[in-house]
Amino acid sequence: MARILVVDDQHLIRSGIVTLLRTVEGLGPVAEASDGEEAVAAAREHRPELVLMDIKMPRLSGLAATERILALGLDPTPRIVVLTTFDDDEFVYAALRAGCSGFLLKDMPPAQLLSAVTATLSADLLVAPARVRQLVERHTAHHQQSRTRTDSTGMLTSREVEVLGFVAEGLANEEIAEHMCVSESTVKTHLHRAMTKLNLRSRAQAVVFAYESGIVKVGGRPERPNPLGG
């Protein structure tokens, strides 16, 4: 039974989502929180696998609550999906940068919401890879014309850098394995080690890092390290 936490300061929206989730076999128990502070406390108590997080709430925003929940070090790390009333690039980018796995619109049909929740529980990324890449490229180009690789990439092996580049391209682990001529489990190992070193909590956050660190250039291909290195 997948544990889920629903966070929203509007009672009608929160209770509606909770009621909907409780109709699905395999989902639940479902916990609730009405603001960011309650969300952090509920995450610590219930250890949810998935958190549906509103963004604008009293006392503590959804983004701040996301960062605090991910910093708790829960095992397994909960996947956090932001709930919003509009598709806003700046907002979505900030959510992905904070470690969210994706976002959902509050006005989406109930059946679509349930499908998205189910997909999130079995995947690393809710938003389509191409959508994430377009969003990050557009945001990066708009806010900073040139970025240099940060010191933090120095702790990565060349293989880990290469995997992050492929992830930023939107490739699945199976596709990355084919490009690198290695097994899928090896790709997962490289990605896990890179994300652990960089304290990245989601695949989407890894894409953001790849662009902001300079591993991938806007409009270009990822930098390819020497295949004999690392």
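Strand 3, helix 3 (residues 62–70) and strand 4 form a right-handed β-α-β unit; right-handed here means that, with the strands pointing away from the viewer, the path from the first strand over the helix to the second runs clockwise. Helices (H or I, at least four residues) and strands (E, at least two) are DSSP runs, numbered from the N terminus. The model is predicted: local features need pLDDT of at least 70, side-chain atom pairs count only at pLDDT 80 or more, and totals for chains, interfaces and linings use all residues. Residues are numbered from 1 along each chain as its sequence is written, and side-chain values use heavy atoms, with hydrogens and water left out.

The unit belongs to an open sheet of 5 strands in the order 2-1-3-4-5, with parallel pairing; two strands pair if DSSP finds at least two bridges between them. Strand 2 and strand 5 (102–105) stand at the edges with a single partner strand each, so one side of each lacks a neighbour in the sheet. From one strand to the next, the twist averages 25°. Helix 3 packs on this sheet and touches strand 3 and strand 4, where contact means heavy atoms within 4.5 Å. The direction of helix 3 makes about 155° with that of strand 3; axes are lines fitted to C-alpha atoms, for helices over the stretch in contact, and angles run from 0 to 180 degrees between N-to-C directions.

Strand 3 pairs with strand 1 (residues 2–7) in the parallel sense over 4 bridges, and V6 stands opposite L52. Strand 3 is also joined to strand 4 (residues 79–84) by 5 bridges, again parallel, with I80 as the bridge partner of V51. Strand 4 in turn runs parallel to strand 5, joined by 4 bridges, and T84 stands opposite L105.

How many residues of strand 3 (residues 50–54) are buried? The count is 5 of the 5, so the strand is largely enclosed by the rest of the structure. Buried means under 20% relative accessible area, with a 1.4 Å probe and protein chains only. L50, L52 and D54 lie on one side of strand 3, V51 and M53 on the other.

Helix 2 (residues 36–46) has G36, A39, V40, A42 and A43 as its buried residues. Seen down the helix axis, they fall within an arc of 165°, so they line one face of helix 2; the arc is that of the directions from the axis to the C-beta atoms. These buried residues pack against strand 1, strand 2 (27–33), strand 3 and helix 3. At the N-terminal end, D35 caps helix 2, with a side-chain oxygen 3.0 Å from the backbone nitrogen of E37. After helix 2 comes R47, whose phi is positive, near 50°.

Terms used: Buried means under 20% relative accessible area, exposed over 50%, partly exposed in between (1.4 Å probe, protein chains only). A polar contact is a pair of N or O atoms within 3.5 Å; within protein, one must be able to donate a hydrogen and the other to accept it, and residues adjacent in sequence count only if both atoms are side-chain atoms.
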